Structure formats: structure tokens, C-alpha cells
Amino acid sequence: MSEASIAVTPSRGAVGNTRSVGLSILWAILTLGIYCLYWVFKTQEETKQYSGEGVGGWLGLVIYLVIGPVTWFLVPSEVGKLYSREGEQPPVTGITGLWLLLPLVGAFVWFIKVQGALNSFWIAKGAPA
């Protein structure tokens, strides 16, 4: 068998944690947005730990704090890339960030889509539901 015919499967890191969409929204409201800092950090860190690509937790948090709207597009883009790297159709992409331009309702739709896609991905990779 030649080297050209051997498929190389990239190694993957630890599978991330699922998070309840409803509880995450509740925590974001109760903490007046402070939970969002934790969520951005953990989401970015877990996707980088799993795939070896992306901005990671600390840089993701800095981006969120300095130029927050970039996060609207960055997070769903990185979640979508998790799917694409596995040869699957991504349920969210960077364009998902446009939902946040719709006042109030858009934030809920965005979060439900992004966290839902992330939960589905982690569960498919063996995370507890």
C-alpha cells in the first residue's frame, strides 16, 4: 500500500461539555451578562482543544471584550468548522451572526442555534446529553 493511499485521520482532543440552552440563557440574565464571559471562554477553549484550531478561550474572551460583535460571527463559524472537518454539513456558520442584528429576539435565536449545534456535535462525539 503506497503512502498516497493511506487516509490520515487527524487526532482529536477532548470532547467538550454540553450546556443547557435554557439554563445558559437564565444564567446570562441573572448574572447581567457575566455568564456570557464564561460561556465565550469555555466555548472557544473547548472547540480549540478538540480540533486544535481556532482562537481558543483567552483570545476569544479578549475579542469578545474589545470588539464584541466579531464574536457574533466567530463562534458560529468555529462551531460550523467542527462539523465541516468531520465531513458533515454545518448547521451554523459565520452568517448565523446576522441574527444578532435583529433586536432582542435575534440574540435568543442566535444562542439557541449555536448552543444547539454545539450540543449536538458533542453528543455525537460521546459527550453525555
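## Close-up views of a predicted model

A search through the whole structure turns up five salt bridges, a salt bridge being a side-chain nitrogen of Lys or Arg within 4 Å of a carboxyl oxygen of Asp or Glu. This is a predicted model, where local features need pLDDT of at least 70 and side-chain atom pairs count only at pLDDT 80 or more, while totals for chains, interfaces and linings use all residues. Residues are numbered from 1 along each chain as its sequence is written, and side-chain values use heavy atoms, with hydrogens and water left out.

**View A. Arg19 and Glu46 form a salt bridge.** Their closest N and O atoms sit 2.9 Å apart. Arg19 lies in the segment before α1 and Glu46 in helix α2, so this pair ties together parts that are 27 residues apart in sequence. Helices here are DSSP runs (H or I, at least four residues), as strands are (E, at least two), numbered from the N terminus. Arg19 counts as buried at 8% relative accessibility, and Glu46 is buried too, with a relative accessible area of 8%. For the cut-offs, buried means under 20% relative accessible area, exposed over 50%, and partly exposed in between (1.4 Å probe, protein chains only).

**View B. Lys125 forms salt bridges with Glu86 and with Glu88.** For Glu86 and Lys125, the closest N and O atoms are 3.4 Å apart. Glu86 lies in the loop between α4 and α5 and Lys125 in the segment after α5, so the pair ties together parts that are 39 residues apart in sequence. Glu86 is partly exposed, with a relative accessible area of 27%, and Lys125 counts as partly exposed at 27% relative accessibility. For Glu88 and Lys125, the closest N and O atoms are 3.7 Å apart. This pair also links distant parts of the chain, with Glu88 in the loop between α4 and α5 and Lys125 in the segment after α5, 37 residues apart. Glu88 counts as partly exposed at 35% relative accessibility. Salt bridges that share partners join Arg12, Glu86, Glu88 and Lys125 into one network.

**View C. Glu78 is a buried charge with no salt bridge.** Glu78 is found in helix α4. The nearest side chain of opposite charge is Lys81, 6.3 Å away; Lys and Arg count as positive and Asp and Glu as negative, with His and the chain ends not counted. So who are its neighbours? Leaving aside those within four places in sequence, Glu78 is in contact (heavy atoms within 4.5 Å) with Gln44, Thr47, Gly54 and Val55.

**View D. Helix α5 packs against other helices.** Helix α5 covers residues 105-124, and its 20 residues should span 28 Å at 1.5 Å a residue; the end C-alpha atoms are 28 Å apart, which agrees. The expected span is 1.5 Å times one less than the number of residues. Buried residues of α5 include Gly106, Val114, Gln115, Leu118 and Asn119. The buried residues of α5 pack against α1 (21-30), α2 (34-51) and α4 (68-85). Just after α5, Gly126 takes a positive phi of about 110 degrees.

**View E. The largest nonpolar core has 20 residues.** A nonpolar core is a set of buried Ala, Val, Leu, Ile, Met, Phe, Trp, Tyr and Cys residues joined through side-chain atoms within 4.5 Å. Trp39, Val79, Trp110 and Trp122 have the most contacts inside this core. The elements giving two or more residues to the core are α1, α2, α4 and α5, and the largest share, seven residues, comes from α5. Leaving aside neighbours within four places in sequence, Trp110 is in contact with residues including Trp39, Trp72, Val75, Pro76 and Leu100.

**View F. Nine aromatic pairs turn up in the model.** Rings of Phe, Tyr and Trp (its six-membered ring) pair if their centres lie within 6.5 Å; planes under 30 degrees apart count as stacked, over 60 as edge-to-face and the rest as tilted. The rings of Trp39 and Trp110 have centres 5.9 Å apart and planes at 70 degrees, so this pair is edge-to-face. The pair links distant parts of the chain, with Trp39 in helix α2 and Trp110 in helix α5, 71 residues apart. Trp39 counts as buried at 3% relative accessibility, and Trp110 counts as buried at 8%.

**View G. Tyr50 and Trp122 make an edge-to-face pair.** Their ring centres are 5.5 Å apart, with planes at 75 degrees. Tyr50 lies in helix α2 and Trp122 in helix α5, so the pair ties together parts that are 72 residues apart in sequence. Tyr50 is buried, and so is Trp122. Ring pairs link Tyr50, Tyr83, Phe121 and Trp122 into a cluster.
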